Amino acid sequence: MVLAALGVVKVATAEQIRQLMCPGTASAQTVRNGCLDLGRDGLVESLGSASRTNAAGNLVSEKLWNLSGPGLEAAAAVLDRPVREMGGTARGAARSGAKHALKVTDTLAAFLQTPPEPTRPVPRKQSQPATTALPSAPAGNDPAPFPAAAQERPHGLGQISSWATEVVLPVSGTLTTPGKNSPRADAVLTAPEAGVPVMFVEVDNGTESPLALAHKAHRYREFFRRTVKPPSPSPNPHAQTGNSVPMWETLYGPLGREGYPPLAIVFTRQVGPAAMNNRINNVMRLAEEYWAGQYCEFATSYGSDERDGYTDYTDAVPILVTTLDRLREHGPLGPVWFRFGHPTWQALTDALDNPDDERAFRLRQRRRDQLRKQQREQKERQRERERREVREQWAAQEAAAEVAREPDPVCQECHGPLESSPFEDDPREEEAPPADGVHCAGCRIQMAQPTGRFGRVIRRLVNGDE
């Protein structure tokens, strides 16, 4: 555990290593004994000390532990990392008190929130009753109340192997020989299993100006903008590998969402609420061009005066800020994050989301299109109802007119139509006697012809009947 912790944070006190790896132990003496054993094997060393104020308000001094050269190789084996990715041994930082490095270690402990599981004693390589007994612990050792396993902690994020510190991010050059103005991340978290493929962490002790912090966002964006040729899956060096890809993506993999990886700034200096808000607001204002994105506006439909749009975060750095006290109290998954551009403190998932991006705009646009479609369908149904009502009214009027219409007069003799059709000429009308209102033209002709035997003879002669 000591090798894994120091392999990541490089320098730490025994109490910090306890918080990182085994907070369920009764005190930091367990870790201190482990460091002594590793020191005898030449894997760790203590070249400096750090001062802090304990729970009683007294200033105490604690040893700083760091890896030696062989210890760095041993830690690489424990973490299953190449030695070339382990960085240095932090001897210089240990000699100078490592104030910034200790705050980075505190930040990682607040992120991890390692559960305080009970532990069993580990046999010492060399019996030293004086150093293992709790009453004889050196000054500055603040034993935690026992049992620590009863203490509840918020949920953490990742594990010690998910972290790396002092990570070079080359704007130009290579990872081993980075170009000028390349940022060096205080810590990098890679926890894809927790929905955070990569997060870059900057720890602010209050020693830098807001302008310097804002400039870090500029350097990060320059690194995120850098593109390289993608690794070729083919052993042929002349094989086509397609378009260039962001360098950070070749190192940490895709995010699964739009934009760059998040940059988290953790403020560790304890100041009043007003002072902290002023510092956050100043950094947010000075770094606006790096996190704000670009707003794109469109008409919601053709010929419409209604406008809507979205913010394009393709070239924007998501900047999240919090304080060390908030992280310790609520954990990294609690509502401890303030995302520049968001209205309030949020949980990590909400802080990483972009509620005003193109995805949200497309969703609103689909809803608008669906609403317009429903309105068109409703209008079409209304028009169809109106047309149906008009047809029904016309049919009802026709039926009523048909009922009210008097029947056509018929001839009393043949019971046929009394009058011929107004659209066809009936030649019999010219030969027939004048209309009498009760007989048709044919019947009037027959009735006007002679009757009796003589008349029938004359009629046969006239008609040519034999």
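**Aromatic rings and a pocket**

Mentor: Start with a cluster: ring pairs link Phe200, Tyr220, Phe223, Phe224, Trp248, Tyr252 and Tyr260. Keep in mind that this is a predicted model.

Trainee: How many aromatic pairs does the count come to?
Mentor: Twelve aromatic pairs. Take Phe338 and Phe340: their ring centres are 6.2 Å apart. Their planes sit at 65 degrees, so the pair is edge-to-face.

Trainee: Why edge-to-face?
Mentor: Because 65 degrees is over 60, the cut-off for that label.

Trainee: And what is the pair of Phe338 and Trp345?
Mentor: Tilted, because the planes are at 50 degrees. The centres of those two rings lie 5.8 Å apart.

Trainee: Is Phe338 buried or exposed?
Mentor: Buried, with a relative accessible area of 12%. Phe340 is buried too, at 2%. Trp345 is partly exposed, at 27%.

Trainee: New topic. How much space lies in the second largest pocket?
Mentor: About 1,000 Å³. It has 39 lining residues. Nearest its centre are Glu85, Ala164, Thr165, Glu166 and Val167.

Trainee: Which element gives the largest share of that lining?
Mentor: Strand S4, with six residues. By class, the lining of this pocket has 18 nonpolar, twelve polar and nine charged residues.

Trainee: Zooming out, what does the secondary structure of the chain come to?
Mentor: 17 helices and 14 strands. The chain has 466 residues, and 40% of them are buried.

How values were computed
Residues are numbered from 1 along each chain as its sequence is written. This is a predicted model: local features need pLDDT of at least 70, side-chain atom pairs count only at pLDDT 80 or more; totals for chains, interfaces and linings use all residues. Side-chain values use heavy atoms; hydrogens and water are left out. Helices (H or I, at least four residues) and strands (E, at least two) are DSSP runs, numbered from the N terminus. Buried means under 20% relative accessible area, exposed over 50%, partly exposed in between (1.4 Å probe, protein chains only). On a 1 Å grid over the protein atoms alone, a cavity is a set of points where a 1.4 Å probe fits but cannot get out, and a pocket is an open set with protein on both sides within 12 Å along at least five of seven lines; lining residues have an atom within 4 Å of a point. Grid points are joined across faces, edges and corners, and a volume is the space filled by probe spheres set on the points. Ala, Val, Leu, Ile, Met, Phe, Trp, Tyr, Cys and Pro count as nonpolar, Asp, Glu, Lys and Arg as charged, and the others, Gly among them, as polar. Rings of Phe, Tyr and Trp (its six-membered ring) pair if their centres lie within 6.5 Å; planes under 30 degrees apart count as stacked, over 60 as edge-to-face and the rest as tilted.
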